[in-house]
Amino acid sequence: MKKVQQILAILGILLLVGLYLLTLILAILGKDFFPMFMAALFASMALPILIWLYGFIYKWMKKNSRQDQDI
């Protein structure tokens, strides 16, 4: 389980760095790429929030399942 978490964390970091670089490149390219820039900007903000939310829900569900087993 620990190995899977490390691999997923590295993939998440690579994805975020790629999104940040893409956002920077699209910002430099100018007005012609504005819709793609906005999509990349939205994704670079939404992805960390979703990752945190999935982790929070996973921990919450795991905690609840342990409490159910104790009953």
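Reader: Before we start, which cut-offs make a residue buried, exposed or partly exposed?
Author: Buried means under 20% relative accessible area, exposed means over 50%, and partly exposed lies in between. Keep in mind that this is a predicted model.

Reader: OK. Where does Phe56 fall, then, and why?
Author: Phe56 is partly exposed, because its relative accessible area is 47%.

Reader: What is Phe56 paired with?
Author: Its partner is Trp52. The two rings form a stacked aromatic pair. Their centres are 5.3 Å apart, with 15° between the planes.

Reader: Where do Trp52 and Phe56 sit?
Author: Both are in helix α2. They are 4 residues apart, about one turn of the helix.

Reader: And Trp52, buried or exposed?
Author: Trp52 is exposed, because its relative accessible area is 55%.

Reader: How many aromatic pairs are there in the whole structure?
Author: A search finds 2. Phe34 and Phe37 form a tilted one. That pair has 6.3 Å from centre to centre and 35° between the planes.

Reader: How far apart are Phe34 and Phe37 along the helix?
Author: They are 3 residues apart in helix α2, so about one helical turn separates them.

Reader: How exposed is each one? Start with Phe34.
Author: Phe34 is partly exposed, with a relative accessible area of 48%. Phe37 has 19% relative accessibility, so Phe37 counts as buried.

Reader: Why does 19% count as buried?
Author: Because the cut-off for buried is under 20%, and Phe37 is at 19%.

Reader: New topic. What helices and strands does the chain have?
Author: It has 2 helices and 0 strands.

Reader: What are the dimensions of the chain?
Author: The C-alpha trace spans about 60 × 20 × 10 Å along its principal axes. The radius of gyration is 18 Å. A compact globule of 71 residues would have one near 11 Å.

Reader: How much of the chain is buried?
Author: Buried residues make up 13% of the 71 residues.

Reader: Give me another buried one. What about Ser44?
Author: Ser44 is in helix α2. It counts as buried because its relative accessibility is 8%.

Reader: What does Ser44 touch, beyond its sequence neighbours?
Author: Leaving aside neighbours within four places in sequence, Ser44 is in contact with Leu19, Tyr20 and Thr23.

Reader: Which of them gives the largest share?
Author: Helix α1 does, with 7 residues.

Reader: How many residues line the pocket, and which lie nearest its centre?
Author: There are 14 lining residues. Gln5, Leu8, Ala9, Ile51 and Gly55 lie nearest the centre.

Reader: What classes of residue are in that lining?
Author: It has 10 nonpolar, 3 polar and 1 charged.

Reader: Last one. Where is Gln69, and is it buried or exposed?
Author: Gln69 is in helix α2. It counts as exposed because its relative accessibility is 64%.

Reader: How far is Gln69 from Asp32?
Author: They are 37 residues apart in sequence. In space, the C-alpha to C-alpha distance is 57 Å.

Notes: Residues numbered from 1 in each chain as written. Predicted model: local features only at pLDDT ≥ 70, side-chain atom pairs only at ≥ 80, totals over all residues. Heavy atoms only, no water. 1 Å grid on protein atoms, 1.4 Å probe; cavity = no way out; pocket = protein on both sides within 12 Å on 5 of 7 lines; lining within 4 Å. Nonpolar A, V, L, I, M, F, W, Y, C, P; charged D, E, K, R; others polar. Buried < 20%, exposed > 50% of the residue type's maximum accessible area, 1.4 Å probe, protein only. Contact = heavy atoms within 4.5 Å. Phe/Tyr/Trp six-rings, centres within 6.5 Å; stacked < 30°, edge-to-face > 60°. Rg over C-alpha atoms; globule rule 2.2 N^0.38 Å.
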